Amino acid sequence: MKPVIFGLSGETLTTEERAFFAQARPAGYILFRRNIADRAQLRALTDELRALHGRDDLLIMIDQEGGRVARMQPPVWPNFPPGAVFDRLYEVAPSSAIAAARANARAIATTLAEVGISVDALPLLDVRQEGASDIMGDRTLGAEPMRVAALGRAVIEGLADGGVVGIVKHMPGHGRAMVDSHHELPIVTADEDALAVDLAPFQALKDAPMGMTAHVVYTAWDPDLPASLSPSVIETIIRGRIGFDGLLMSDDLDMKALKGSIPELAAATVAAGCDLALNCWGRMDDMVGIAELLPEMTPKARERLDRAMGPAHLLADGPPLEELLATRDALLAPVMA
């Protein structure tokens with residue numbers, strides 16, 4: 001198995017993709033709007049991916065945060081609110097905010113599991129900082145670390161209740177970035193004491209099944225390399241100070257924060273200590289190059305993958321979607337007027 005997550009080009013597998021994926025044996029796949037039409041099409045696509053690999057527990061992930069980051073859209077699927085809504089409710093009713101975040105995540109999981117998606121790139125544990133880039137903005141769960149952690153745990157648990165694995169992101173914290181890492185490389189010059197704030201939510205959720213790195217340079221830890229490419233940040237900060245021993249993937253290698261060829265970046269992230277490289281855009285030349293450069297997944301990375309995905313394909317019985325949404329909306333009512 002190759003330590004990589006690949007994207008797909010469209011709503012069905014091409015003949016070329018089918019043959020390549022069967023040979024390359026990636027650890028999993030990520031879906032975007034270009035891959036999604038309706039429930040029947042999406043379920044058929046995920047069923048085909050599982051059949052291709054003969055694995056019910058195949059990692060098939062999506063970014064379905066709510067707010068401005070949602071790949072599954074109305075009118076087929078409901079709107080989900082951004083993380084900041086739950087932060088606002090926490091200000092006046094902490095227990096209600098936690099219950100609302102959990103119900104919302106369970107509702108998201110219900111929509112994902114129905115179409116065969118097993119992993120969601122949620123929750124963000126980035127601590128929002130005043131004056132930082134709006135790329136995080138209302139996607140975050142707030143500016144107070146323990147509040148972010150409490151709401152983040154509710155999200156992880158809500159997803160798991162619905163049979164979906166959550167990913168804590170963006171380790172070790174994207175909240176101080178002054179520029180959007182989709183377009184350029186953020187450089188954070190905060191000192192160790194300040195960065196302790198960013199680490200706190202990740203430390204509180206160090207037992208999360210999966211994590212995603214940030215394409216951000218932290219000069220206090222490594223002045224030359226972004227976290228996704230830094231053996232020092234991954235080993236000393238993410239695995240060491242945070243204590244995270246779950247499956248660690250890079251953020252998308254196609255983001256302009258990183259420079260170099262996509263295959264070389266994939267190899268560099270894995271060499272730095274990421275269990276998986278994330279390559280989103282489904283370009284065949286990039287994927288072939290990645291498969292050629294990457295080694296086989298290490299036994300430790302495979303153990304982390306299997307541990308994370310163990311219960312993910314088992315859809316738990318629970319309340320119907322409409323009931324979950326109604327519960328969430330009733331709890332959120334004080335801050336939605």
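These legends describe close-up views of a predicted model. Local features need pLDDT of at least 70 and side-chain atom pairs count only at pLDDT 80 or more, while totals for chains, interfaces and linings use all residues. Residues are numbered from 1 along each chain as its sequence is written, and side-chain values use heavy atoms, leaving out hydrogens and water.

**View 1. Eight strands form a closed barrel.** The order is β1-β2-β3-β6-β7-β9-β11-β12, with parallel pairing. Strands (E, at least two residues) and helices (H or I, at least four) are DSSP runs, numbered from the N terminus. Two strands pair if DSSP finds at least two bridges between them.

**View 2. Strands β1 and β2 run parallel.** β1 covers residues 2-7 and β2 covers residues 26-31. Four bridges join them. F6 stands opposite Y29 in β2.

**View 3. Helix α2 packs on the sheet.** This helix, residues 39-53, touches β2 and β3 (59-62). Contact means heavy atoms within 4.5 Å. The direction of α2 makes about 175 degrees with that of β2. Axes are lines fitted to C-alpha atoms, for helices over the stretch in contact, and angles run from 0 to 180 degrees between N-to-C directions.

**View 4. Q64 sits in strand β4.** The strand spans residues 64-66. Q64 is buried, with a relative accessible area of 1%; buried means under 20% (1.4 Å probe, protein chains only). A polar atom of the Q64 side chain lies 2.8 Å from the backbone nitrogen of R71. The Q64 side chain also reaches the backbone oxygen of M72, at 3.0 Å. Beyond four places in sequence, the contacts of Q64 include F80, I108 and L122.

How values were computed
Buried < 20%, exposed > 50% of the residue type's maximum accessible area, 1.4 Å probe, protein only. Polar contact = N/O pair within 3.5 Å; in protein donor to acceptor, adjacent residues only side chain to side chain.
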